[in-house]
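Take a look at the sequence and the structure below. Keep both in view as you read.

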2 protein chains.
Amino acid sequence: MTATGVPDTGSATLEAVLAGLAASSPALADTGRSDRAAALRAVADALDAATDELVDVAVRETWLPVPRLAGEVARTSGQLRMFADGLVEGSFLDVVIDPADAAATPVPRPDLRRMQVPLGPVLVFAASNFPFAFSVAGGDTASALAASCPVVVKAHPGHPETSVRTAEVVRAAWEGAGMPAATFALITGEQAGVEALRDPRITAAGFTGSLHGGATLYRIAAARDVPIPFYAEMGSLNPTFVTPGAVRARGAEIAAGFVTSFTLGVGQFCTKPGLLFLPRGHGLDDALARGVGGVAPARMLHERIRSGHDAVRAELAALPGMRVVAAVDGDPGDGGRAGATLLATDLATLLADRERVLPECFGPTSVLVEYAGMDEVLAAARAFGGNLTATVHAEDDEVELVRPLVRELRDRAGRIVWNGWPTGVAVSWAMHHGGPWPATSAPLHTSVGMTAIRRFLRPVTYQDVPAALLDEALQDRNVAQIPRRLDGRLSSEDLAGA
Amino acid sequence: MTATGVPDTGSATLEAVLAGLAASSPALADTGRSDRAAALRAVADALDAATDELVDVAVRETWLPVPRLAGEVARTSGQLRMFADGLVEGSFLDVVIDPADAAATPVPRPDLRRMQVPLGPVLVFAASNFPFAFSVAGGDTASALAASCPVVVKAHPGHPETSVRTAEVVRAAWEGAGMPAATFALITGEQAGVEALRDPRITAAGFTGSLHGGATLYRIAAARDVPIPFYAEMGSLNPTFVTPGAVRARGAEIAAGFVTSFTLGVGQFCTKPGLLFLPRGHGLDDALARGVGGVAPARMLHERIRSGHDAVRAELAALPGMRVVAAVDGDPGDGGRAGATLLATDLATLLADRERVLPECFGPTSVLVEYAGMDEVLAAARAFGGNLTATVHAEDDEVELVRPLVRELRDRAGRIVWNGWPTGVAVSWAMHHGGPWPATSAPLHTSVGMTAIRRFLRPVTYQDVPAALLDEALQDRNVAQIPRRLDGRLSSEDLAGA
């Protein structure tokens with residue numbers, strides 16, 4: 001039982017949930033794309049209709065401001081509608097048809113028809129920092145349901161009532177739209193989450209949270225008798241590089257933008273820029289200090305998160321070679337408020353203490369690194385592991401100067417941002433919210449955007465199977481006009497002769 | 001040092017190989033698609049030209065017959081040419097462009113352009129049973145090189161000289177075609193393989209072999225400080241189901257086809273049908289026994305493999321409820337020859353002893369399961385874990401009878417074969433050679449066919465990045481006519497306004 005009165009899920013309840021998921025999995029897999037799309041839209045509509053009520057609960061549990069939370073509900077319903085659109089469009093099925101070819105060498109080729117099918121029941125570990133968009137009805141849930149996978153969400157303990165209420169809205173709308181019962185459930189408590197992860201009926205899991213939490217669960221998933229895909233998004237340093245030309249042209253603007261970005265949501269975004277590289281002698285200390293000084297201390301998601309942030313900040317500030325550019329005092333009283341802090345150091349300190357400087361500091365603290373030239377910038381870039389994003393601020397005439405940097409960043413980041421800020425993740429086809437470890441546990445996949453659905457699908461090929469046993473998407477006639485690959489070429493047409 | 005005189009790779013050599021791979025990785029990543037395609041074709045041509053010499057060595061090391069080995073070299077060069085074609089076509093880059101949209105809600109959308117980039121150095125564990133097509137120059141190597149990933153192959157100890165000679169041919173042709181030096185290497189020895197797998201410079205690994213070997217290496221990969229994708233293809237039972245109607249219509253033909261399939265290559269195919277479900281009273285015992293009796297004992301890849309097969313066969317034959325339909329005596333002398341064996345049992349025995357009956361028996365032994373009705377067939381299908389393939393033999397008027405079975409098989413197999421045999425894996429776009437654990441460690445991926453390249457690529461999104469810093473594939477003008485997704489729609493056209 002949490003302090004808020006939401007009890008942890010017991011073993012008997014968990015067993016019923018998992019049995020229900022497994023039993024209903026074939027029925028959900030056999031729903032039609034348009035029916036599933038309609039159900040996702042019904043969930044989106046229900047969330048929109050419940051916005052005020054959901055935000056009321058979430059404000060109390062997370063201390064995030066109302067406009068931010070209301071916007072996040074809109075983002076959440078928008079994601080559901082994007083997946084609904086994607087279901088109708090149909091290319092996620094990745095249909096490939098190679099007609100029989102008696103002349104193929106070294107042996108004749110049979111008729112081969114391939115499409116994506118759902119993996120099965122999916123476990124989602126909800127995030128703390130986005131109580132809607134990466135939580136109960138967030139991107140992991142939306143993409144798994146779109147893929148026809150039943151979902152059990154392990155609620156984040158930071159917003160239990162928000163989770164329960166959201167789950168009620170989702171389930172009522174989902175089942176009300178005709179989706180099979182027992183295909184969506186919520187569980188609470190760390191033990192229930194780990195038990196579910198170990199359960200053979202769970203076929204994949206998604207996670208958004210800390211490196212420690214994600215890595216621990218990843219290893220549990222890998223140690224199962226039957227290991228399963230575990231998609232963890234574990235946050236990121238999101239280094240940002242500013243050229244001398246950009247400082248000269250718009251240094252004050254960059255300073256202001258940076259402070260806004262790293263303190264947005266009290267620095268609790270996985271895309272928070274945690275490192276800003278500025279050329280030595282940048283002259284922006286005052287502008288940066290003014291910016292930081294203007295950020296009011298704010299409550300973080302939880303008192304434990306605030307005290308953790310303050311401890312890491314103190315440790316960073318105490319490193320030899322680190323100076324404080326600006327620090328707003330926090331306030332441990334009244335649940336605790338975190339003050340924004342900007343530290344500064346040089347490349348030598350960064351590299352010498354990389355195990356302390358390079359992990360993510362969750363909260364409104366960032367580190368300025370003053371570099372002597374592009375060689376130092378490249379050396380810094382090569383020191384990074386995986387990052388969700390990397391950002392470059394440069395002028396048009398500096399393209400050749402930063403070309404080697406952009407090339408290095410490509411090997412380490414999931415998204416490269418030019419003259420902007422990494423906070424703000426568009427939900428679209430081209431978005432990639434991922435990256436090599438430790439940004440995520442699965443570098444091939446994104447947790448945001450339409451292609452997030454790929455995480456919960458696997459291919460099946462039918463060889464010479466009669467049309468009567470094939471899905472509509474694999475028929476000669478492409479009634480639904482799905483984009484397909486026919487005999488090696490992309491097409492929405494019927495198979496020749498159909 | 002192996003008995004054949006190929007020394008194991010020592011630590012110093014391994015270090016040089018890995019350092020070379022890491023250092024050359026960016027240069028390989030920056031090669032053009034058409035240059036890489038030309039290099040893959042050069043490797044294919046060189047292998048074809050060396051066929052006689054390579055086959056001579058392989059015959060001595062593997063005991064596989066000359067026509068089979070020569071055909072396998074042709075398959076290997078064919079795979080390389082398929083990836084070359086795929087590089088030119090370009091859809092593997094998975095280009096997605098979402099133009100900026102100032103009217104997007106809840107926030108304006110920046111310009112987002114996404115494409116696939118290589119993961120980095122790849123380690124390939126070669127297979128024993130396909131000394132060419134799944135070995136040094138096999139599908140894992142071909143797909144990784146096509147993806148611009150440098151490759152180090154850990155040779156299978158079953159054919160060390162074949163491996164060394166193949167590697168020489170590959171490297172000479174690859175580098176001769178202008179690909180960067182040190183982007184392809186061979187290592188030998190179990191210790192070198194495990195050391196390489198643990199090395200932080202390796203970013204992904206492929207494997208073809210046994211469940212025991214694959215699972216062990218999978219867990220090593222997952223236990224690294226930085227876990228990496230580990231693509232293991234670990235073999236399969238490949239259950240085959242025959243309906244009463246099919247028995248009536250063509251029982252003798254099915255019996256003959258089954259014996260040919262399960263004894264092909266001395267039963268050393270990962271797609272060998274290890275279980276044949278026949279209706280009780282099928283009356284095919286004599287036909288099956290005649291077929292098995294006509295298969296001459298043959299040398300397996302290695303004496304250890306033969307003795308392992310004979311031990312599993314003896315254990316299966318000794319199970320209560322198991323009878324011997326036909327057994328050809330093997331011959332332990334002269335390197336050992338394995339005789340074909342067909343056992344038979346019923347569903348109760350299969351399910352009661354599933355831990356002994358359901359693992360793969362590598363070699364020319366298969367088990368007949370006599371079923372009482374479709375309910376038993378469905379119960380059996382539900383008992384399976386992942387399989388590379390599942391096969392159904394049925395008549396046209398039995399489609400409704402087998403519909404539930406085909407549906408169950410879809411959730412457990414990577415490929416469903418109708419009225420054919422699973423041995424024989426076409427190399428094409430629509431092929432899926434994969435499946436849920438224990439068939440593979442990565443159910444989303446195939447190790448055969450064009451889409452095998454996806455295993456070694458990850459997405460990167462460029463946000464508002466100037467055209468001068470973008471790959472040709474991401475430009476407004478689609479000079480190379482690559483299939484792309486523009487603003488959500490598939491197209492090979494230029495971006496509007498370009």
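This report goes from domains to sheets, helices and single residues.

## The model and its domains

This is a predicted model. Start with chain A. Its domain assignment gives two parts: domain 1 (11–234 + 444–456) and domain 2 (239–418). Domain 1 of chain A is written as two stretches of sequence.

The centres of domain 1 of chain A and domain 2 of chain A are 33 Å apart, taken over C-alpha atoms. The two domains do touch: 8 residues of domain 1 of chain A are in contact with 7 residues of domain 2 of chain A. On the domain 1 side, the contact has 2 nonpolar, 4 polar and 2 charged residues.

## Where the two chains meet

How many residues of chain A are in contact with chain B? The count is 61, and they meet 61 residues of chain B. Several elements of chain A each supply at least two residues to this side. Among them are the helices α4 (66–89), α8 (211–223) and α15 (399–410). The strands β2 (112–118) and β16 (413–418) of chain A are also among them.

Which element of chain A gives the most? That is β17(A), with 6 residues. By class, the side of chain A that touches chain B has 35 nonpolar, 14 polar and 12 charged residues.

β16(A) is joined to β17 (457–463) of chain B by 3 bridges, and the two run parallel. Look for Arg415(A): its bridge partner in β17(B) is Thr461(B).

## A sheet built from both chains

Now find an open sheet of 12 strands with mixed pairing. Follow its order in two steps. Strands of a sheet pair through backbone hydrogen bonds, either parallel or antiparallel.

Why do β19 (489–491) of chain A and β11 (323–327) of chain B each have one side without a neighbour in the sheet? They stand at the edges, so each has a single partner strand. Neighbouring strands of this sheet are turned by 20° against each other on average, direction ignored.

Zoom in on one pair. β1 (95–98) and β18 (484–486) of chain A run parallel and share 3 bridges. Here Val95(A) has Arg484(A) as its bridge partner. On the chain B side, helix α14 (374–383) lies across β8 (239–242), β9 (275–279) and β14 (365–371) of chain B. This helix runs at about 140° to β14(B).

## A covered strand in chain A

Is β15 (387–393) of chain A mostly covered or mostly open? It is mostly covered, and 7 of its 7 residues are buried.

β15(A) pairs with β8 (239–242) of chain A in the parallel sense, over 3 bridges. In that pair, Val242(A) stands opposite His393(A). β15(A) is also joined to β16(A), again running parallel, by 5 bridges. There, Ala390(A) stands opposite Ile416(A). The chain goes from β15(A) through α15(A) to β16(A) in a right-handed β-α-β crossover.

## Two packed helices

Two packed helices are described by the angle between their axes and the distance between the axes. Take α7 (190–198) and α8 of chain A: the angle is about 35°, and the axes are 9 Å apart.

α7(A) brings Val194(A), Leu197(A) and Arg198(A) to the contact. α8(A) brings Leu217(A), Ile220(A) and Ala221(A). By class, these residues divide into 5 nonpolar, no polar and 1 charged.

## Two buried glycines

Gly158(A) sits in the loop between β4 (151–154) and α6 (160–176) of chain A. Why does Gly158(A) count as buried? Because 20 other C-beta atoms lie within 10 Å, and 20 or more is the cut-off for a buried residue. Leu301(A) is 143 residues away in sequence, yet 7.2 Å away in space, C-alpha to C-alpha. Gly158(A) touches Leu301(A), and its other contacts include Glu61(A), Ser128(A) and His302(A).

Gly449(B) lies in the loop between β16 and β17 of chain B. It counts as buried because it has 29 C-beta neighbours inside 10 Å. Its contacts beyond four places in sequence include Val427(B), Trp429(B) and His433(B). Leu342(B) is 107 residues from Gly449(B) in sequence and 32 Å from it in space, C-alpha to C-alpha.

Methods. Residues are numbered from 1 along each chain as its sequence is written. Chains are lettered from A and ligands numbered from 1 in the order in which they are written. This is a predicted model: local features need pLDDT of at least 70, side-chain atom pairs count only at pLDDT 80 or more; totals for chains, interfaces and linings use all residues. Domain bounds come from an automatic or database domain assignment. Ala, Val, Leu, Ile, Met, Phe, Trp, Tyr, Cys and Pro count as nonpolar, Asp, Glu, Lys and Arg as charged, and the others, Gly among them, as polar. Two strands pair if DSSP finds at least two bridges between them. Helices (H or I, at least four residues) and strands (E, at least two) are DSSP runs, numbered from the N terminus. Axes are lines fitted to C-alpha atoms, for helices over the stretch in contact, and angles run from 0 to 180 degrees between N-to-C directions. A residue is buried if 20 or more other C-beta atoms lie within 10 Å of its own, exposed if 12 or fewer, and partly exposed in between; C-beta atoms are placed from the backbone. A crossover is right-handed if, with the strands pointing away from the viewer, the path from the first strand over the helix to the second runs clockwise.
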